Amino acid sequence: MNTARIVAIASVFMVLGVWAVSRQLDPPPELVSFSGATMGTRYSVKSPNLELDWDTIALSVERELERINGLMSTWIPDSELSRFNRSRSTDWIALSPDTHRVLAESIAMADLSDGALDITVGPLVDLWGFGPGRGNDGPTVVPDPDKLERLSELVGYHQLELRDSPPAARKSNPELQVDLSAVAKGFAVDRLTEMLTDAGAVDFLVDIGGELRAAGSKADGQPWRIAVEKPDSSARLPQQVYPLVETGVATSGDYRNYFERDGQRYSHLIDPRSGRPVPQTLASLTVFDRSTMRADALATAMLVMGAEEALAFAETHQVPCLAILRSPEGLLVGRESSALRRLSGGQP
Ligand code: ADP
Ligand code: MG
């Protein structure tokens, strides 16, 4: 604390008493901020709209996250999705409108990405040791090839059919398993965005495990900003900073959740087309989209595609994205799609 501030505080103390001093020492916050655990990670909400009833809002946020987990988590044995997975029926199974919506969007993104995103990949995620099937000990072994082949037959989202009204899904293969881990966080971020808007919030930033949605601006009127991390499991270093104007953003990366065996890195993302963890050329991929669910789905899909295919996909479909590539020498190189350069005011 500098001398001028101490003098200012001292004179306020003399005039207004202790209450004024405590206000001086502890200025009112410019930002409401709360956070908690959800979906195997943490969420946070920040807003400069101090006039709102944030105690009530925070409670509804917690409840909504619990509700979504109770629908779509494969880690909760009694969730709607876990029950759907346990069912061996090939008849229509009724679903909540929210789970139905996430399934519909996931199937649309699976079609768009030519099967790079596939929500029926769960049995292979388990087999490689990244899913709930093995508890949460993390991956340890490379699976047996026969087992890999057998389980690969279970994978394929065309074995899942949706009906709009009443909302339901049907498995053509009774063993089919659905895993929404690649999209559920994005969906939850969008749901919280709707709730906060309905509660009267105009400026806020919602974050669930690195999937974000920004609305309005910070207290100083400047846009919210995101620093996309340098993909490195040992340090958290910012790589690029982008303003976020009414947009969602999601990052998929191979740098936190992976295992190494015989010098080879295995990612927690499985390429449904090979049944194997995705290779290592792309260290991370960040997608910007108004729908955070779509950004989340595309980030996963494009990481699975690998660097070259992902960058070509971003041009064909004009996806604003940042790919961070790992060169053979271990250097990290950032590549922005033309849609992102346009968004962030760079060259067209
Ligand atoms: P994270 O933020 O944990 O990197 P992602 O959105 O990338 O999350 O999703 C990763 C999860 O998605 C995996 O843990 C797995 O459950 C599931 N998954 C893995 N491969 C695929 C795939 N090709 N398509 C859909 N889901 C996948
Ligand atoms: Mg994702």
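Asp207 is partly exposed, with a relative accessible area of 22%. Here buried means under 20% relative accessible area, exposed means over 50%, and partly exposed lies in between (1.4 Å probe, protein chains only). Asp207 sits in strand β7, residues 204–208. Helices (H or I, at least four residues) and strands (E, at least two) are DSSP runs, numbered from the N terminus. Leaving out residues up to four places away in sequence, Asp207 touches Arg42, Tyr43, Ser44 and Leu212. Contact means heavy atoms within 4.5 Å. Gly186 is 21 residues from Asp207 along the chain, and their C-alpha atoms are separated by 9.3 Å.

This is a predicted model: local features need pLDDT of at least 70, side-chain atom pairs count only at pLDDT 80 or more, and totals for chains, interfaces and linings use all residues. Residues are numbered from 1 along each chain as its sequence is written, chains are lettered from A and ligands numbered from 1 in the order in which they are written, and side-chain values use heavy atoms, with hydrogens and water left out.

Now the whole protein. The secondary structure comes to 11 helices and 18 strands. There are 348 residues, and 48% of them count as buried. Among contacts with a separation of 6 or more, 59% join residues 24 or more positions apart. The accessible surface is about 17000 Å², and carbon and sulfur atoms hold 52% of that surface. Accessible areas come from the Shrake-Rupley method with a 1.4 Å probe; for residues, only the protein chains shown count as cover.

Ser47 counts as buried because its relative accessibility is 0%. Beyond its neighbours within four places in sequence, Ser47 contacts Glu30, Leu31, Val32, Trp54, Asp203 and Phe204. Glu30 is 17 residues from Ser47 in sequence, and 8.5 Å from Ser47 in space, C-alpha to C-alpha.

Next come the charges. Side chains of opposite charge can pair when their charged atoms come close. The structure holds 12 salt bridges. A salt bridge is a side-chain nitrogen of Lys or Arg within 4 Å of a carboxyl oxygen of Asp or Glu. One of them pairs Arg213 with Glu246 at 3.9 Å, N to O. Arg213 lies in strand β8 (residues 211–215) and Glu246 in the loop between β10 (237–244) and β11 (248–253), so the pair ties together parts that are 33 residues apart in sequence. Arg213 is buried, at 7% relative accessible area. Glu246 is partly exposed, at 32%.

Asp271 and Arg273 form another salt bridge, at 3.1 Å, N to O. Asp271 counts as buried at 12% relative accessibility, whereas Arg273 is partly exposed at 42%. Salt bridges with shared partners also join Glu64, Arg67, Asp98, Arg191 and Glu194 into one network. The side chains of Arg83 and Asp78 meet at 3.6 Å, N to O, in a salt bridge. Arg83 is partly exposed at 46% relative accessibility, and Asp78 is exposed at 53%.

Asp144, Asp146, Glu149 and Glu153 form a negative surface patch. Patches are made of residues with over 30% relative accessible area and no salt bridge: like charges are joined within 9 Å, nonpolar side chains (Val, Leu, Ile, Met, Phe, Trp, Tyr) within 5 Å. Lys and Arg count as positive and Asp and Glu as negative; His and the chain ends are not counted. The place of a charge is taken as NZ of Lys, CZ of Arg, CG of Asp or CD of Glu. Asp146 is exposed, with a relative accessible area of 53%.

Last, the backbone. Most residues other than glycine have a negative phi, and most peptide bonds are trans. The bond from Ser165 to Pro166 is cis, with omega near -10°. Pro166 is in the loop between β5 (160–163) and β6 (168–171). Met39, not a glycine, has a positive phi of about 50°. Met39 sits in the loop between β1 (32–38) and β2 (41–47), and is partly exposed at 22% relative accessible area. Asp114 also has a positive phi, near 60°. Asp114 lies in the loop between α5 (97–112) and α6 (122–127). Asp114 is exposed, with a relative accessible area of 61%.
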